[in-house]
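Hi there,

Here is the structure you asked about, and my notes on it follow below. Have a look at it first, then read on.

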Amino acid sequence: MHHRLKCEIDSFVSSKRREKIAACQRVLAMRLLGIDFDEARSAGAASRSGLVRRLDRLIERERLRGSRGHWSYDLNRHIALKQLRDALA
């Protein structure tokens, strides 16, 4: 019984973690790109590849900001852009 309850708890926590990541990706996509993340994921390959290229440019600009020590560089934004790109690719 104890083992089964632990498995259910682990499953619930894992599910909530995935939901949180998906929600963050939706917000980031809307905020930075002005797109609906769910629609972008279900879009055709050509449309998605255009978004991936756009994200690549944003990631590169963020990387350059970081390497130059610019005050507006944000590591969290850099990571979020990369995660969003990986989710769409």
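At what angle do the axes of helix 1 and helix 4 cross? In this predicted model, the axes of helix 1 (residues 2-33) and helix 4 (residues 75-88) cross at roughly 105° and come within 10 Å. An angle from 65 to 115 degrees counts as roughly perpendicular, so that is how helix 1 and helix 4 lie to each other.

If you want to find the contact on screen, look for Gln-25, Leu-28, Ala-29, Leu-32 and Leu-33 on the helix 1 side. Their partners in helix 4 are Arg-77, Ala-80, Leu-81, Gln-83, Leu-84 and Ala-87. Sorted by class, this contact of helix 1 with helix 4 has eight nonpolar residues, two polar and one charged.

Leaving aside residues up to four places away in sequence, Leu-84 touches Gln-25, Leu-28, Ala-29, Leu-33, Phe-37 and Leu-55.

Lastly, the cysteines. The structure holds zero disulfides. Cys-7 is partly exposed, with a relative accessible area of 38%, and Cys-24 is partly exposed too, at 47%.

Notes: Residues numbered from 1 in each chain as written. Predicted model: local features only at pLDDT ≥ 70, side-chain atom pairs only at ≥ 80, totals over all residues. Heavy atoms only, no water. Disulfide = S-S within 2.5 Å. Buried < 20%, exposed > 50% of the residue type's maximum accessible area, 1.4 Å probe, protein only. Axes fitted to C-alpha atoms, helices over the stretch in contact; angles between N-to-C directions. Helix = DSSP H or I, 4+ residues; strand = E, 2+ residues; numbered from the N terminus. Parallel < 35°, antiparallel > 145°, perpendicular 65-115°, else oblique. Contact = heavy atoms within 4.5 Å. Nonpolar A, V, L, I, M, F, W, Y, C, P; charged D, E, K, R; others polar.
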